[in-house]
Each structure stands twice: as C-alpha cells, then as structure tokens.
Amino acid sequence: MQDNRCQICGGTLALDEGSNTVICEYCGNKFNLPEKKTKQ
Ligand SMILES: [Zn+2]
C-alpha cells in the first residue's frame, strides 16, 4: 500500500488508480501526483 499524505494537513490521501490528481478529504486541497511509470 502507498503511504501518501496531504502536505497541508497531514491527512491520509486516498488515491484513485488511473488518476493523476487526488483531493484531500480532510482539508479539500487538490494535489497533482507525479506520473507513474508503467511497467513495460
Ligand atoms: Zn489535507
């Protein structure tokens, strides 16, 4: 499991696979995630 935390409030971010953005459910801030390299 990934351990991504909000840089603003420190809350745990629930990531959606296939999405490059995530919204913190605690403070509502939106983050852009670094692009994942897909296995080839
Ligand atoms: Zn937050």
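Tutor: Residues are numbered from 1 along each chain as its sequence is written. In this predicted model, local features need pLDDT of at least 70 and side-chain atom pairs count only at pLDDT 80 or more, while totals for chains, interfaces and linings use all residues.

Student: Happy with that! Why is Leu-33 called partly exposed?

Tutor: A residue is buried if 20 or more other C-beta atoms, placed from the backbone, lie within 10 Å of its own, exposed if 12 or fewer, and partly exposed in between. Leu-33 has 14 other C-beta atoms within 10 Å, so it is partly exposed.

Student: And what makes Leu-15 partly exposed?

Tutor: Leu-15 has 15 C-beta neighbours inside 10 Å, and therefore counts as partly exposed. Across the 40 residues of the protein chain, 2% count as buried.

Student: Where do Leu-15 and Leu-33 sit?

Tutor: Leu-15 is in the segment before β1 (21–23), and Leu-33 is in the segment after β2 (30–32). The protein chain has zero helices and two strands, where helices (H or I, at least four residues) and strands (E, at least two) are DSSP runs, numbered from the N terminus.

Student: Which residues is Leu-33 in contact with, leaving aside neighbours within four places in sequence?

Tutor: Those are Asn-20, Thr-21 and Val-22; contact means that the C-beta atoms, placed from the backbone, lie within 7 Å. The C-alpha atoms of Leu-33 and Asn-20 are separated by 5.1 Å.

Conventions:
Contact = placed C-beta atoms within 7 Å.
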